[in-house]
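Subject: Structure handover

Hello,

Here is the structure you asked for, with the sequence.

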Amino acid sequence: MKKFLVAGSAVVMASLALVGCSSSGGTKSGGGGGKITMGFAQVGAESGWRTANTKSIQASAKAAGIELKFSDPQQKQENQIKAIRSYIQQKVDVIAFSPVVETGWDAVLQEAKRAKIPVILTDRAVDSKDTSLYETFLGSDFIKEGQKAGKWLVDNADSSDVNHDGKINVVQIEGTTGAAPAIDRKTGFEDTIKSDSRIKVIASQTGDFTRDGGKQVMESFLKSQKDIDVLFAHNDDEGLGALEAIKAAGLTPGKDIKIITIDAVKDGMTALSKGEFNYIVECNPLLGPQLMDLAKKVVNGDDVPKRVITKETTFTPEEAAKALPSRQY
């Protein structure tokens, strides 16, 4: 029986790093005098994607001459809020962060607004009716990523390697509950597969964007669900963990179970090039250069777009093999 897996990506890292020193005011770089100080609150180190994202931000801040205060809240919203409040107390020039979850930010962002410290959202959005609480949001279109994954499934649903008795049963490994990419990727994927009545999501569970989470959830699915044709996991790391569970169950990933992931980090791309994954939707983590450019503009009072979307693509096994030698993450 042929199976089908769609996976997305996950991330692993945790520590507190401090780069640079705080600025308590004075002339900003736009005025030709002092340095900009940025306080950045990361999500954590849950995946290879996040690690690449952190390195890009740290390296880009150094290259741009921006002093960076960096914190790793270890995927906890309360830790991010504490970090942001610390940045406000230190009177940094700009605050940037990737929200762990979408909701619950209005109070701390109001504090930043009252302190006249501009805020930039990176990678993930917040769910707030007051869009004046942040200057701009830099990141991917997560709904579109889910749509791309769903479209690949729909386009390949007639393949004998995918189809099982005229039905395609899907199980889904979601990202962190309440996180923007988890919500949007699920929405984009499920809305897209509605165009083919044979495709149905029969079970869905969070893997928290981690490799261990993906493995545990896939092990559970393989035991509890019969006739699984598709697994959609929300990032590469979850997919890589699921891949381990598939192999342990005596199945061949990429053949018995076809796998689609989101992120396109090196480990995922390597699995894709070997035919263990079948399709990857890219989510570019290298946001550092764009973030530093936006930071300089908002500190100087320049107008910036409310939404800045990163450019991304998709990969087949053949395309992954060609791209791997020059892959930066």
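Two strands count as paired if DSSP finds at least two bridges between them. Axes here are lines fitted to C-alpha atoms, for helices over the stretch in contact, and angles run from 0 to 180 degrees between N-to-C directions.

Some notes on the source. Residues are numbered from 1 along each chain as its sequence is written. Because the model is predicted, local features need pLDDT of at least 70 and side-chain atom pairs count only at pLDDT 80 or more, while totals for chains, interfaces and linings use all residues; side-chain values use heavy atoms, with hydrogens and water left out.

The chain as a whole

There are ten helices and 15 strands in the chain. These are DSSP runs numbered from the N terminus: helices are H or I with at least four residues, strands are E with at least two. Of the 329 residues, 54% count as buried. Buried means under 20% relative accessible area, exposed means over 50%, and partly exposed is in between (1.4 Å probe, protein chains only). Among contacts in the chain with a separation of 6 or more, 78% come from residues 24 or more positions apart. A contact means heavy atoms within 4.5 Å.

Strands of the sheet

Strand E3 (residues 37-41) and E5 run parallel and are joined by five bridges. Thr-37 stands opposite Glu-67 in E5. Further along the sheet, strand E7 (residues 119-122) and strand E8 (residues 136-139) also run parallel, with three bridges between them. Leu-121 has Phe-137 in E8 as its bridge partner.

Is E5 (residues 67-71) largely enclosed or left open? Five of its five residues are buried, so the strand is largely enclosed by the rest of the structure. In a regular strand the side chains alternate between the two faces of the sheet. In E5, Glu-67, Lys-69 and Ser-71 are buried on one side, and Leu-68 and Phe-70 are buried on the other.

Two helix pairs

The axes of helix H4 (residues 142-155) and helix H5 (residues 180-193) come within 7 Å and cross at roughly 35°. This crossing of H4 and H5 is right-handed. A crossing is left-handed if the near helix is turned anticlockwise from the far one by less than a right angle, and right-handed if clockwise. The residues of the contact of H4 with H5 divide into nine nonpolar, five polar and four charged. Here Ala, Val, Leu, Ile, Met, Phe, Trp, Tyr, Cys and Pro count as nonpolar, Asp, Glu, Lys and Arg as charged, and the others, Gly among them, as polar.

For helix H7 (residues 236-248) and helix H8 (residues 266-273), the axes come within 9 Å and cross at roughly 50°. H7 and H8 are therefore oblique to each other. Angles under 35 degrees count as roughly parallel, over 145 as roughly antiparallel, 65 to 115 as roughly perpendicular and the rest as oblique. H7 passes H8 in a left-handed crossing. In the contact, Asp-236, Leu-240 and Leu-243 of H7 meet Asp-267, Gly-268 and Ala-271 of H8. These residues divide into three nonpolar, one polar and two charged.

Single residues

Most residues other than glycine have a negative phi. Asp-208 is not a glycine, but has a positive phi of about 60°. Asp-208 is in the loop between strand E10 (199-206) and helix H6 (211-224), and at 31% relative accessibility it counts as partly exposed. Ala-264 also has a positive phi, near 75°. Ala-264 is in the loop between strand E12 (257-263) and H8 and is buried, with a relative accessible area of 0%.

Val-171 lies in strand E9 (residues 168-174) and is buried, at 0% relative accessible area. Val-171 and Ser-204 are 33 residues apart in sequence and 5.6 Å apart in space, C-alpha to C-alpha. Leaving aside neighbours within four places in sequence, the contacts of Val-171 include Ile-202, Phe-221 and Phe-232.

Regards
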